[in-house]
Amino acid sequence: MALNSDKFLQCGVCSCSITSPKLLSCLHSFCQTCLRDQGGSHVVTCPTCHQPTEKAEVKDNKLLSDLQSKLDILRQIGRVGYLSCSCCNASAGSMCFECEKFLCQKCFEAHQVFIAKDSHLVESLESLKVMSSQEFLATARKKRQPYCPNHDKETISIFCRTCAKSICTTCTVLMHKPPDHEYRDIKQEAQEQKDNLHKMCTKLCKKEDAFKDILKKLLNLKGDHQSQKKELEEQIKVSVKEAVRKLEQKGEDLLKELEGIYKGMDAKMSKKLLHMEDVQKRIEGSKDLVEKMIKYATDEEVMEMQAFVKSSLQQLQRSKPGNANTLDFTVEFKKTDLEQLNLLGSLMVSKGLCIGYLVFKVSLVLLYGQNLTFCLPQPSNPFQSSHRSTTTQQPLPVFSWVHYNTTTPSSLLTAPFFSQSSITLSQASLTNLDTHDLHFWNVAHCLCCFQKTSDMLNSGEENDGDMSASQSHLNSSFFKPNLNIETCTLVFFDLETTGQERAPDIIQLSAIGQDKIFNISIRHSQHFRGSLFHLVQTKTRTEALTAFLAFLRALVQPTILVGHNIWKNKCPILCRHLDELGLKDQLQESVSGFLDTESLARDNLKGKDIKKFSQQDLAKVLLKKSYPAHNTLAAVRNLQELYQSLRPAQEKHLFSLVQLEAHISLQPLVLAMAVTKPSAQTLAQQGISLETMKRAYQEDPKKGLKHLLRHLLNELGPSKLSTIVRNAQTFFFNQS
């Protein structure tokens with residue numbers, strides 16, 4: 001008996017026979033006790049595939065329960081040599097599947113007499129012992145007659161479609177009377193459902209092949225990444241050894257240079273010392289001689305020697321000691337900041353961009369009409385399509401290459417392991433890119449700008465002439481989502497926080513999309529402001545935001561998140577919380593763009609006598625309604641009406657996660673008053689983040705920021721642009 005092969009009856013958590021099996025929405029089943037170990041959460045996460053299921057949706061798996069009980073009987077038959085009759089305790093020789101009893105020969109004969117008309121299935125124990133578990137289950141279940149739980153000895157033969165319930169003929173007379181109830185033969189209904197399930201399973205198998213293909217490619221990529229990691233580790237170790245060797249050589253050279261400096265100065269010092277000592281000895285000898293002449297010499301001896309002695313004394317008096325400070329010197333060791341020199345190099349990570357799932361090298365004509373090349377890896381097996389499905393979301397393949405740059409950022413552009421195929425992208429072709437790849441293009445843009453800056457600095461080129469945004473930088477439209485608003489799913493949302501502090505907590509989050517409603521209150525230690533909330537689900541922050549992302553993923557893609565004042569306020573708060581939980585990448589996968597109705601209102605109501613553009617004021621003026629404060633779901637419905645009155649919205653009113661994150665990153669500059677709020681918004685719309693500016697400054701503190709931002713000359717004006725560059729340079733200098 002192949003009982004050990006029945007893994008479908010084993011719990012995936014405890015690996016034992018499943019007990020009180022519970023069925024999750026992902027169709028995996030586990031022991032009830034194993035699922036209880038997940039704690040008091042409102043959501044049960046599948047231990048196998050990690051699909052969340054609301055606890056209210058968890059069902060009893062009656063099929064597995066019944067199969068498990070049947071297998072317990074089979075184990076008993078195979079394990080015990082002697083089985084007693086269920087009626088008289090004599091030695092049993094057969095079993096009735098209908099009665100689920102073991103029978104001796106006498107009881108078997110009586111059993112056959114009394115229930116002959118019911119056609120109970122009876123098998124000998126010897127034949128059961130040689131059956132496999134699958135054969136036993138098939139025999140026990142298919143030939144057993146199901147009986148109605150409401151009417152004794154009435155077999156179930158009808159299915160009521162109205163009540164979705166299996167019934168007997170008596171039920172059709174007493175409780176399921178036509179024409180209020182529609183029913184049909186249960187065998188026909190069951191066969192039809194089996195056929196439907198078989199068709200669905202066949203379609204699923206085709207989709208499974210696609211997922212297996214992606215899984216295989218991802219595993220291959222993972223293996224390639226591990227191999228590449230080892231190669232890079234070796235490159236880094238070699239570079240470390242080379243850097244250490246060069247540092248040691250440099251140290252030895254410095255020591256030799258130091259020795260030479262002091263050796264030369266010591267020779268001069270020794271010569272000067274010897275001269276000073278000689279003069280000192282002459283002075284002492286002269287003093288001694290004069291003293292003795294005065295004391296002991298005769299007049300004749302004095303007159304004979306005085307001319308010679310005076311000449312020597314006059315010569316000594318003309319001697320000057322000089323200045324000792326002329327031989328004083330100081331040698332200082334000016335320590336070099338090794339981090340700024342970047343002696344070893346740096347790691348450059350680039351993500352493969354999916355354009356028809358073909359990832360290739362791109363030649364971008366961006367700066368001053370020069371042809372700047374940025375390389376992208378080309379996979380060996382390109383996929384067929386990169387467009388997001390409107391029915392099933394398949395993961396976009398992402399190829400990541402880590403390149404160890406041992407010299408300057410520009411060396412990345414000639415990496416030898418990239419494909420040599422290339423095309424030139426015009427601004428028109430760039431608009432066809434998926435908005436989920438804009439993060440990558442922001443990095444590509446930064447590298448291109450750094451390459452141009454580095455080339456100009458090396459050549460001493462200045463070029464102060466006028467230039468357009470297309471020549472020097474990707475303009476803001478490049479970073480905006482390429483979406484048709486009319487064909488996208490609009491998700492209106494609102495959130496309420498604990499207050500106006502720097503890092504407020506979210507206490508309520510609501511959204512409506514495709515007539516589906518999401519409304520959750522988030523548990524918080526502080527008291528809620530304002531009136532009491534309506535009855536909504538209360539969850540932890542992690543549960544609430546995870547559920548919100550699941551709500552977004554369940555909608556037809558692509559989706560646009562619509563809210564009021566979300567550019568400056570609500571989206572940064574939402575992103576901060578998602579980032580703290582490591583969920584921000586899921587937002588990028590679930591949302592293709594954002595639309596701020598405040599910006600839409602300021603644009604579409606220009607020229608009208610409206611001075612305040614808060615949702616509360618706009619609702620009062622345009623909708624003649626009061627704003628529902630402290631009730632985010634009502635506020636979302638109010639926002640839907642407001643949006644209808646503000647239409648049409650255009651693509652220029654959209655912004656991407658790249659622009660949003662750039663705007664969030666620039667807030668330290670705003671707080672330091674290095675840039676104004678409007679200037680920060682202009683920079684963010686160009687996809688220029690704080691990190692982009694910092695890297696440009698580090699590349700060249702004097703000219704890096706100037707060349708990075710020159711394309712904004714016409715938009716900001718010379719004075720404002722110069723102020724931004726100067727203030728940013730001061731900001732980064734103070735940081736370092």
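Phe518 has a relative accessibility of 7% and therefore counts as buried, a word used here for residues under 20% relative accessible area, with exposed meaning over 50% and partly exposed what lies in between, for a 1.4 Å probe and protein chains only. The model is a predicted one, in which local features need pLDDT of at least 70 and side-chain atom pairs count only at pLDDT 80 or more, while totals for chains, interfaces and linings use all residues. Residues are numbered from 1 along each chain as its sequence is written, and side-chain values use heavy atoms, with hydrogens and water left out.

**The chain as a whole**

Of its 736 residues, 38% are buried. Among contacts with a separation of 6 or more, 63% are between residues 24 or more positions apart, where a contact means heavy atoms within 4.5 Å. The chain exposes about 43200 Å², of which carbon and sulfur atoms supply 53%; such areas come from the Shrake-Rupley method with a 1.4 Å probe, and for residues only the protein chains shown count as cover.

Strand β19, residues 516–522, is largely enclosed by the rest of the structure, because five of its seven residues are buried. Strand β18, residues 506–513, runs antiparallel to β19 and is joined to it by six bridges; two strands pair if DSSP finds at least two bridges between them.

Rings of Phe, Tyr and Trp (its six-membered ring) pair if their centres lie within 6.5 Å, and planes under 30 degrees apart count as stacked, over 60 as edge-to-face and the rest as tilted. By this rule there are seven aromatic pairs. Phe518 and Phe548 make a tilted pair, because their ring centres are 5.4 Å apart and their planes stand at 55°. This pair links distant parts of the chain, since Phe518 belongs to strand β19 and Phe548 to helix α14 (residues 541–553), 30 residues apart. Phe518, Phe548 and Phe551 form one aromatic cluster.

**Helix α15 and strand β23**

Trp567 and Phe655 form an edge-to-face aromatic pair, with 4.9 Å from centre to centre and 75° between the planes. Because Trp567 lies in helix α15 and Phe655 in strand β23 (residues 654–655), the pair ties together parts that are 88 residues apart in sequence. Helix α15, residues 566–580, bends by about 30° at Pro572, the bend being the angle between axes fitted to the seven residues ending there and the seven starting there. The buried residues of α15 include Trp567, Cys571, Pro572 and Cys575. Just after α15, Gly582 takes a positive phi of about 70°.

| Residue | Relative accessibility |
|---|---|
| Phe548 | 0% |
| Phe655 | 6% |
| Trp567 | 8% |
| Cys34 | 12% |

**Around Cys34**

Cys34 sits in helix α1, residues 32–36. Not counting residues up to four places away in sequence, Cys34 touches Cys11, Val13 and Cys14. Lys22 is twelve residues from Cys34 along the chain, and their C-alpha atoms are separated by 9.8 Å.

Terms used:
Helix = DSSP H or I, 4+ residues; strand = E, 2+ residues; numbered from the N terminus.
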